[in-house]
Amino acid sequence: MNALAQPNSMNRRTLLRGAGVAMALPWLEAMSPAASSAFASAEQAAAPVRMACVFFPNGAIMPKWKPSVDEEGQLVLSPTLEPLETWKSKINVIAGLAHDNGRAKADGAGDHARGGATFLTAARPVKTSGNIRLGISVDQVAATALSDQTQLPSIELGLLGSRNAGSCDSGYSCAYSSNISWRNTTQPMPKEIIPRAAFERLFGGGENKMKQRAINASRQSILDVVSGDAKRLLGKVGGADKRKLDEYFTGVREIERRIQRTEQADAASMPDLEVPMGRPEAFREHVRLMYDIMTVAFETDTTRVATLMLDTAGGNRRYTEVGVKGAHHQLSHHRNREETVADIEKIDRYLVEQFAYFLERLDQTDAGGGRSLLDQSMVLYGSGLSDGNRHRHEDLPIVLAGSAGGQFKTGRYITPESERPMANLFLSMLDAMGTPAESIGDSTGRLTELA
């Protein structure tokens with residue numbers, strides 16, 4: 001759609017176009033119904049809710065994870081969750097949620113695979129290395145229902161590639177450990193682990209891949225490609241929108257520069273590569289690039305559903321940047337050794353620090369109507385295990401950030417009187433997305449404590 005179709009008004013689906021590029025825009029005042037009642041629509045008037053789900057492996061040191069409440073009933077964050085202090089009023093920490101389908105039962109070992117498989121599906125994986133069978137995940141229930149509302153139904157991101165063949169955990173298919181997003185009972189959603197590939201999913205027009213590759217090879221910014229449309233648009237909007245567009249364009253260009261730096265580092269270290277992969281070596285830069293891409297995806301309403309795997313289930317990454325030499329999965333079997341527990345605590349807090357960066361980015365982004373993008377979202381952060389040492393699937397470490405446009409009360413430590421299926425939280429999240437379901441996994445109802 002032409003960005004300048006109507007003076008002083010703009011459709012939410014306006015795109016800036018160039019060769020091989022279709023660049024969506026953030027919310028602008030010119031897109032509000034008040035800008036032009038003649039062109040207002042129900043879709044423009046209603047602020048959409050976004051859903052993001054972030055998975056970390058191997059559980060957590062739960063005594064250092066669990067928060068408390070003070071004498072006035074106010075949330076007091078734990079040492080692990082302390083990096084979220086700035087956004088304490090906009091999060092809920094939820095206790096007492098379990099994945100019964102993750103427990104061993106007759107299947108024996110394989111808790112990490114089951115923890116990853118059940119995280120968003122709440123379904124029991126069939127123990128096999130071949131004909132996988134699980135269930136649709138909560139993100140894909142929402143994405144399917146919203147598929148005609150956005151350019152992309154969903155975006156799936158990760159930091160480590162998927163292995164969908166062979167056995168990765170005691171006879172369970174690697175697909176269970178490698179994926180949290182499932183389109184249906186037998187098909188996991190492929191995830192992007194290269195920032196450039198994820199970036200192109202947002203901004204590639206899909207019309208001419210050769211043109212996109214030429215843009216990348218020349219290190220040409222997408223802002224240069226759409227500069228004609230951008231200049232005409234800036235000449236039509238008001239001062240506030242000009243400032244917002246300038247901030248948006250600056251942010252997109254900074255993401256591009258960071259991606260290019262990773263590609264240049266690849267080219268220098270592996271000169272024989274015809275096309276540098278551009279996967280950042282440093283965990284912190286990699287995860288923050290992915291968080292930035294998710295933020296832009298939500299900001300432009302390119303998609304309303306996103307998932308991110310910080311590692312595969314049972315992941316063995318080494319977090320040397322925080323002084324931990326051991327591998328994550330191995331350390332999680334700490335047997336209560338003090339030094340090992342301390343190392344896991346460092347990892348737990350470090351991952352929360354990166355999550356805090358994501359919340360900061362969302363909270364700094366205007367979603368219209370006086371709300372930030374964080375206010376207009378719900379962001380699930382958690383693991384499919386609680387105690388990694390004993391492979392427990394109950395009382396999972398769960399944070400739900402954002403109020404879904406005011407639908408959830410926040411700033412609380414929610415402790416249900418009895419254990420609840422995590423699938424009950426999923427049903428409440430689907431209600432908030434406007435994509436209700438009768439059931440998912442082993443659900444027994446809604447998590448009414450969120451209201």
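Reader: Is Ser428 buried or exposed?
Author: Ser428 is buried, with a relative accessible area of 8%, where buried means under 20% relative accessible area, computed with a 1.4 Å probe on protein chains only. This is a predicted model, in which local features need pLDDT of at least 70 and side-chain atom pairs count only at pLDDT 80 or more, while totals for chains, interfaces and linings use all residues. Residues are numbered from 1 along each chain as its sequence is written, and side-chain values use heavy atoms, with hydrogens and water left out.

Reader: Which helix is Ser428 found in, and what does Ser428 touch?
Author: Ser428 is found in helix H14, residues 422-432, helices being DSSP runs of H or I with at least four residues, numbered from the N terminus. Leaving out residues up to four places away in sequence, Ser428 touches Phe408, Arg446, Leu447 and Leu450, a contact being heavy atoms within 4.5 Å.

Reader: Switching topic, how many residues has the largest nonpolar core?
Author: The largest nonpolar core has 81 residues, and those with the most contacts inside it include Trp65, Leu84, Tyr291, Phe355 and Tyr381; such a core is a set of buried Ala, Val, Leu, Ile, Met, Phe, Trp, Tyr and Cys residues joined through side-chain atoms within 4.5 Å. Helix H13 (residues 338-363) gives the largest share of this core, twelve residues.

Reader: What is Phe355 in contact with?
Author: Apart from its neighbours within four places in sequence, Phe355 is in contact with Leu84, Tyr291, Val379, Tyr381, Val399 and Ala401. A second, separate core has 39 residues, among them Val49, Ile94, Leu97 and Val138.

Reader: And which residues are buried in helix H6?
Author: In H6 (residues 195-203), the buried residues are Pro195, Arg196, Ala198, Phe199, Leu202 and Phe203. They lie on the same side of H6 because they cover an arc of only 160 degrees around the axis, the arc being that of the directions from the helix axis to the C-beta atoms.

Reader: What about H9, which residues are buried there?
Author: In helix H9 (residues 227-234), Asp229, Ala230 and Leu233 are buried, and their arc of only 100 degrees around the axis puts them on the same side of H9.

Reader: Last one: which classes of residue make up the lining of the second largest pocket?
Author: That lining has four nonpolar, four polar and eight charged residues, with Asp, Glu, Lys and Arg counting as charged, Ala, Val, Leu, Ile, Met, Phe, Trp, Tyr, Cys and Pro as nonpolar, and the others, Gly among them, as polar. A pocket is an open set of points on a 1 Å grid over the protein atoms alone, where a 1.4 Å probe fits, with protein on both sides within 12 Å along at least five of seven lines, and lining residues have an atom within 4 Å of a point. Helix H10 gives the most to this lining, with eight residues.

Definitions and conventions: Helices (H or I, at least four residues) and strands (E, at least two) are DSSP runs, numbered from the N terminus. Buried means under 20% relative accessible area, exposed over 50%, partly exposed in between (1.4 Å probe, protein chains only).
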